[in-house]
Amino acid sequence: MIFDFGYLTLVLALAVCAFGMAAGYWGGMLETRGTATAATVSRKGGPSGGPLTASLSHRLTESSFHSIYAVSVLVGIAAVILWYGLLTDQFQISYIWNSSERSLPAFYKFAAIWGGQAGSLLFWTLLLGLFSTAAALTFRDSQRTLMPYVNGTLLATLLFFLVLLVFSANPFEQIGVVPSDGRGLNPLLQNYWMVIHPVMLYLGWVGLSVPFAFAVAALMSKRLDRRWVRTVRRWTLIPWMFLSAGIIMGSQWAYMELGWGGYWAWDPVENASFLPWLTATAFLHSVIIQEQRGILKVWNVTLIWLTFTLVILGTFTTRSGILSSVHSFAQSPVGPYFLVFLAVTTIGFLLLLYQRMPYLQGENEIDSISSREGAFLANNWLFAGIAFVVLWGTFYPMFSEILTGERISVAAPWFNRVAGPLFLLLFVLMGVGPLLGWRRTGAKALRRQFTWPVAVALASVPFLLITSRNVFPVVGFSVCIFVAATIVQEFARGTIARMRSRGETAAAALWGVMRRNGRRYGGYVIHFGIVLIGVAIIGNEFYQSTTHVTLSAGQSVELSGYTLTYTGLGSEQRSNHTEVRANLSVSDTASGRFLGQIAPRRNIYDKTPDQPTSEVGLRMTPAEDVYVILNGWEGDGRSATFTVYVNPLTMWMWVGGLLVVLGTVVSVWPHPRPARAGREAASAFPEGARAGQAAA
Amino acid sequence: MWITFILTGLVGVAAVGYVVWPLFRRTPFAVSHEREDLADLLTRKEVALEAIRELEFDHRVGKIEDGDFERFNGILRSRAMRLIEHIEAYYGSGEGINIATGQLDEALEVEISGRRRVEEAGADEGGIGLRAE
C-alpha cells in the first residue's frame with residue numbers, strides 16, 4: 001500500500017512540476033514583455049506598465065515558486081518511502097530485491113538507494129529538488145526578473161527526471177510475490193568510499209543545474225549584464241567542490257577496491273564525471289573575465305550549457321550502458337529518454353543563443369596578452385581542448401562500432417599521450433596567470449614576478465635528473481615546482497605588502513590578505529592542491545615499480561628496497577561475506593628493520609561467490625605506498641599469489657584533494673563588505689544588487 | 001487500496017491547492033524595471049570599485065608598473081564616477097552631484113575609503129568593524 005502511495009506521489013510531483021514549469025516560463029515572458037513595454041512607454045512619457053499583466057505575471061511566478069517547494073516535498077516523501085522499504089527488507093519491490101539483502105549492513109542498505117538505476121534517479125531528483133528549493137529561497141526577492149525563468153528551467157529538468165521515474169524506471173515497481181531474500185548489493189559497491197563518493201558526485205552534477213538555469217534565465221530575460229555571473233559564481237564553486245571531492249573519492253575507491261594498482265583508468269564513467277569538471281573549471285575562470293572586463297559573454301553561457309549537457313550525457317552513459325565499463329552495471333531502456341532530452345535542450349539553447357547574439361556583444365577588448373585575462377583565456381582554450389580530447393576518446397569506441405561494426409577501444413595510454421602535454425601546458429599557465437595583473441603587465445614587472453619562481457624551478461632540475469634520466473617526469477616536476485613557487489611568492493608578497501603598509505605582524509598580515517581577498521587566495525590554495533595531485537600523478541606514472549609473485553609461507557620478495565614476507569592465510573565470516581586475508585610482514589631490505597604488517601584481502605560474498613572482490617593491503621607513507629593485491633591461493637594458504645606495487649607519492653593525491661576542498665571553502669567564505677552610503681542603504685531599490693554581491 | 005487512494009487524494013488536493021493558491025491571491029506587487037536597472041547599475045559600480053581595489057593591490061605587489069597603473073586607475077575611476085553620477089542623477093535624493101564642484105571625486109573617495117576601512121578592520125577584528133559601521 002505504502003509503495004503504491006510512493007509511486008502516486010511521483011505522479012503527483014510530475015503533474016505539479018509540469019504546471020510549475022509552464023507557470024514559470026509564462027510568468028517570466030509576461031514580466032519581460034511588461035518591463036519592455038514599461039520602458040518604451042516611460043521613454044515616450046506615458047503611464048508605465050500594465051497592472052493586470054504585471055499582477056498575472058507575479059501570480060504565475062509565485063505559483064512556480066510554490067511548485068518547486070511542493071515537488072521537493074513530494075519527491076522527499078517518495079524517497080523516504082523507498083528508504084523505509086530498503087531498511088525493512090521489502091523484497092516485493094523489484095528495486096529492493098535487486099539491490100539489497102537481509103544480511104546487508106544497515107549502512108549499505110541506506111546507501112543502496114544510489115546503488116541501482118531507479119533509486120539513483122530518485123536520489124538525483126531529490127537532490128535537484130533540494131538545490132532548486134535553496135536557489136528559490138535565496139534569490140526569491142533579489143532576482144525577480146530572472147527567477148521565473150530559473151524556476152521554469154529547474155522545473156523542466158525535474159520534469160525530465162520525474163518522467164523517467166514514472167514511465168521508465170519506477171523505483172516502486174512490484175514483483176507480485178514476496179521473495180524470502182534479496183539478490184544483494186553489487187559487491188563492488190560495498191565499500192565506504194562508495195557510500196560517500198556517489199553522493200558527492202550527485203551534489204556536484206545536480207548543483208551545476210542552478211548556474212545553467214541562471215544562464216538560460218539571463219538569455220530569456222535579455223538581462224545579460226554582469227549581475228547573473230556574479231550571482232552564480234558561488235553557486236558554481238560549491239557544486240564544483242563537491243564534484244572535485246567526488247572525483248577524488250572515486251579515485252580512492254578505485255585504488256582501494258578495484259585492485260589494479262592505480263586510481264584512474266580513463267574509464268568512460270570516470271570520464272563522464274571528469275568532463276563537466278573540466279568545463280565547469282573553465283567557466284569558473286572565464287566568468288571572472290566577464291565580471292572584470294565585460295567580455296566572453298557568448299563563451300560563458302556556452303560553457304555552462306556545455307557543462308549541463310555533459311552532466312546529462314554523463315548520467316546517460318552511466319545509466320544507459322551504452323559505453324561498457326565496470327560502472328555500467330545497470331542497463332535499462334532509459335537511453336532514448338536521455339537522448340530526446342539532450343536533443344531538446346541542445347536545440348532549444350542554441351536557438352535561444354542565436355536570437356540573443358545582439359545582446360551578447362563584449363564591452364571591451366583584451367588590452368594585452370601579457371595580462372591575467374590573457375592567461376585565463378589561454379587556460380580556457382586548454383580546458384576546452386582537453387575536454388574535446390576526453391570526449392573523443394570516450395565516445396570513439398561507440399562511434400567506431402556504429403560506423404564499422406567493430407569496436408575499437410581507446411585505452412589509458414592514448415589519453416595520457418594526448419591529454420598529458422595539454423595538462424602540462426595548463427600547469428604552466430596555472431603558474432603564469434597569478435603572476436600577471438589585469439589589463440597589462442609590463443616587461444619590468446614580468447621580470448620581477450618571474451625571476452624567483454623560474455630560478456627555483458631551474459635549480460631543481462639537476463636534483464630531479466638524479467632521480468630519473470627520463471625527461472618527462474623531470475619537466476613535469478619542475479613545472480610543479482615552478483607553480484608551487486609562484487603560489488608561495490604570491491602569499492609572501494601579499495603578506496609583506498600588508499605588513500609594510502599597515503605595520504602588522506606576519507601572521508596578522510597573512511590572515512588579513514586571506515580574509516580580505518578570500519577569492520584570490522582560496523584560488524591559490526586550490527592551485528596548490530592541484531599541484532600536489534600533479535606530483536602524485538607524475539610519481540605514479542613514471543616511478544611505479546611492480547612485481548607478480550607466488551610465495552609459500554615464510555618466503556619473501558624484494559621490491560624497491562622493501563622485503564615482504566608471506567606469513568600465512570586466515571579467514572573470517574562477516575554478515576554477508578567471507579573475508580580471506582593474507583598476512584605479510586614488511587621490512588626495510590637494506591637495514592632489515594621491521595616496518596609493519598600488510599593484509600590484502602579477498603571478500604567472497606554469499607550471494608555472488610563467483611565475483612570475489614579485492615581489498616588491497618596498503619602501507620601508506622608520504623614518500624610511497626607499498627600496495628599488495630591478493631590474486632589467489634592454493635590449498636589452505638600454503639602458497640599465495642600476489643601483485644606488489646610500490647607507488648611513489650600517491651598520498652599527495654589525497655592531501656591535494658583535501659586542499660582543493662579547503663581552498664574552495666576559503667573562496668566562497670563571505671568576506672567583509674563596506675557599509676553602503678546612507679542613501680543607498682535607505683533605498684528600497686538596491687536589494688537586487690545587494691544579493692548579487694552577497695552571492696558573489 | 002482505498003486508503004492509498006484517499007491518502008493520495010488528500011496529498012494531491014493539498015499540493016495542487018498550495019500551487020494554485022497564489023493565482024487567486026490579489027497582490028499589487030509588480031517587478032519594477034527601475035529597481036532592476038538600479039540593481040544593474042549598482043552591480044556595475046561595485047565591479048568598478050572592486051577592480052580599482054584589485055589594481056591597487058596588483059600595483060602594490062609589483063604586478064603593474066607605475067605608468068600602467070596611472071593609466072588604468074584613471075580609466076577605472078572615471079568609469080566608477082560616471083556610474084555614481086548616473087545613479088545619483090536617476091535614483092538619488094534629488095540633490096544631485098555637481099561634477100564641476102568636485103563632489104563626484106569626493107563621492108568616489110568615500111566609496112573607496114569605505115572599502116579600505118573594511119580591509120583594515122578585516123585583519124584583526126573580522127567583520128566587527130563593518131557591523132559597527
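**Terms and their grounds**

Mentor: Let us start with A:T613, which touches A:P187, A:L188, A:E257, A:R601, A:R602, A:N603 and A:Y605, leaving aside residues up to four places away in sequence. A contact here means heavy atoms within 4.5 Å. This is a predicted model, in which local features need pLDDT of at least 70, side-chain atom pairs count only at pLDDT 80 or more, and totals for chains, interfaces and linings use all residues. Residues are numbered from 1 along each chain as its sequence is written, chains are lettered from A and ligands numbered from 1 in the order in which they are written, and side-chain values use heavy atoms, with hydrogens and water left out.

Trainee: Why is A:T613 called buried?

Mentor: Buried means under 20% relative accessible area, exposed over 50%, and partly exposed in between, with a 1.4 Å probe and protein chains only. A:T613 has a relative accessible area of 4%, and is therefore buried. The residue lies in strand β7 of chain A, residues 613-615; a strand is a DSSP run of E of at least two residues, and a helix one of H or I of at least four, numbered from the N terminus.

Trainee: Why are A:C17 and A:C480 called buried?

Mentor: A:C17 is buried because its relative accessible area is 0%. A:C480 has a value of 3%, so it is buried as well.

Trainee: How many disulfides are there over all chains?

Mentor: A disulfide is a pair of cysteine sulfur atoms within 2.5 Å, and by this rule the count over all chains is zero.

Trainee: What makes up the secondary structure of chain B?

Mentor: Chain B has five helices and zero strands, in the order α-α-α-α-α from the N terminus. Of its 133 residues, 46% are buried.

Trainee: What lines the second largest cavity?

Mentor: A cavity is a set of points, on a 1 Å grid over the protein atoms alone, where a 1.4 Å probe fits but cannot get out; lining residues have an atom within 4 Å of a point. The lining includes A:R226, A:Q292 and A:R439 from chain A, and B:R44 and B:L76 from chain B. The largest share, four residues, comes from α2(B).

Definitions and conventions: On a 1 Å grid over the protein atoms alone, a cavity is a set of points where a 1.4 Å probe fits but cannot get out, and a pocket is an open set with protein on both sides within 12 Å along at least five of seven lines; lining residues have an atom within 4 Å of a point.
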